[in-house]
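Have the sequence and the 3D view open as you read.

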Amino acid sequence: MSAVSEGPVSGAASGAVPGAGPGPGASGSTASSGSAPRSAGAPGTAPDEPPARPGAPAAPGVPTVLVLDAPAPAPPPRLGSLTGRARVLHADEETLADKLPEADVLLVWDFLSHAVRHAWPGAGPRPAWVHTASAGVDHLLCPELAASDAVVTNARGIFDEPIAEYVAALVLALAKDLPRTLDLQRERTWRHRESRRVAGTRACVVGSGPIGRATVRTLKALGVAAVLVGRTPRTGVYGPDDLDRLLARADWVVCAAPLTDDTRGMFDERRFGVMQPSACFINVGRGQLVVEDDLAAALSKRWIAGAALDVFEREPLPADSPLWSAPGLVVSPHMSGDTVGWRDELGAQFVSLFGQWEAGRPLTNVVDKKRGYVPGH
């Protein structure tokens, strides 16, 4: 359930861009204009052909960067600094499959789209490197991409502190009953209430990646005794076997885990039943980590005191969803990490990674495609 784990990573998760030889089933050779070879869409290289130095020119010219654009009004990434260093093409969900064989690098700017999952299994060469402008990679990983030599990187590091601040804001808002205060103000109703202290309460943060660790640090600054739960128990991190015990003691349960086969639906009726009636639940991970009907029922039955969701199984949240009217639930539109200038930071991060790639250095933020997240902490 953790965003990270221990141990060495093998295969494509090592950080090196794959070698030059096309794998079995490739319908073409390396890119004629790329500085790094394209993946054949399947594991393996030609047995008699040594791998090229990552980023070494495969042919004269510049590599092709294909950008899967986000729908308007979202602006495209600022890639002006790649002028002369790369040929930049743009695609949307409809044209991605046709343009994918041209690309040496794929930048998934539309990080909510599932277009890569549908386009990747097609015929022809595939990019050797795929970067997504998001922390999660569940929207793009398909069996064919996971089995290929393509390296996948993510936007690890951009959203850690902003999301931690957002979680802290939700904790304070729920403790001080601010949603009700705003409702009463709109009703022009003066109603005195008592609120909760935050200092001295306990939090259980599920997901031991950078976002979870930043959340623990921020909550501790508020005087909250916060513990971290991850996939693998280690110093400072509890394991899955400790989760129910920690949930039963927590005033605040924060979900910041990646979406994997092991974590899907992990917060269900049983888990909400374990929590104490005064507890509040916050999800800034992925919507599919929560069985939403079970959460709505737990709030209606007052099994828990409140909740805040920034991510949902379906986004945008449908207007007829019962979550809109669930008692004690704060709904926000997947915005916890989106601070002023965040898109510029994402673009700058990709340009920095491109510099590593074209220089032949190992890429950072490499996702273990079997686990579905960046390992190492």
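**Starting from a tryptophan**

Trp342 counts as buried, with a relative accessibility of 10%. Here, buried means under 20% relative accessible area, exposed means over 50%, and partly exposed is anything in between, using a 1.4 Å probe and protein chains only. Before going further, keep in mind that this is a predicted model, in which local features need pLDDT of at least 70, side-chain atom pairs count only at pLDDT 80 or more, and totals for chains, interfaces and linings use all residues. Residues are numbered from 1 along each chain as its sequence is written, and side-chain values use heavy atoms, with hydrogens and water left out.

Which ring does Trp342 pair with? Searching the whole structure turns up nine aromatic pairs. For Phe111 and Trp342, the ring centres are 6.0 Å apart and the planes sit at 65 degrees, so this pair is edge-to-face. The bookkeeping is that rings of Phe, Tyr and Trp (its six-membered ring) pair if their centres lie within 6.5 Å; planes under 30 degrees apart are stacked, over 60 edge-to-face, and the rest tilted. Phe111 is in the loop between β3 and α2 (115–119) while Trp342 is in helix α10, so the pair ties together parts that are 231 residues apart in sequence.

Now follow helix α10 itself, residues 342–358. Helices (H or I, at least four residues) and strands (E, at least two) are DSSP runs, numbered from the N terminus. The 17 residues of α10 reach 25 Å from first C-alpha to last, close to the 24 Å expected at 1.5 Å a residue; that expected span is 1.5 Å times one less than the number of residues. The buried residues of α10 include Leu346, Phe350, Leu353, Phe354 and Trp357. Phe354 and Trp357 make a pair of their own: their ring centres are 5.4 Å apart and their planes are at 45 degrees, so the pair is tilted. Being three residues apart in α10, Phe354 and Trp357 are separated by about one helical turn. Trp129, Phe350, Phe354 and Trp357 form one aromatic cluster. Just after the helix, Gly360 takes a positive phi of about 80 degrees.

What covers the buried side of this helix? Part of the cover comes from β1 (64–68), β3 (105–108), β4 (129–132) and β5 (151–153). Helix α10 lies across these strands and runs at about 160 degrees to β4. (Contact means heavy atoms within 4.5 Å; axes are lines fitted to C-alpha atoms, for helices over the stretch in contact, and angles run from 0 to 180 degrees between N-to-C directions.)

Those strands belong to an open sheet of five, ordered β2-β1-β3-β4-β5, with parallel pairing. Two strands pair if DSSP finds at least two bridges between them. β2 (87–91) and β5 stand at the edges with a single partner strand each, so one side of each is left without a neighbour in the sheet. Neighbouring strands here are turned by 20 degrees against each other on average, direction ignored. Within the sheet, β3 and β4 pair over four bridges, and Leu106 stands opposite Val130 in β4.

There is also an open sheet of six strands, in the order β7-β6-β8-β9-β10-β11, again with parallel pairing. Its edge strands are β7 (225–229) and β11 (329–331). In a regular strand the side chains alternate between the two faces of the sheet. Strand β8 (residues 252–255) has both faces covered, with Trp252 and Val254 on one side, Val253 and Cys255 on the other, all buried. Val253 is the bridge partner of Cys204, and Val253 in turn has Phe281 in β9 as a bridge partner. Helix α9 (residues 292–300) lies across β9, β10 and β11, running at about 150 degrees to β10.

Finally, how far can you trust the picture? The chain has a mean pLDDT (the predictor's confidence in each residue, from 0 to 100) of 87, and 84% of its residues reach 70 or more. Over residues 1–36, however, the pLDDT is below 50, and residues 42–59 are also below 50. Where pLDDT is low, the predicted coordinates should not be read in detail.
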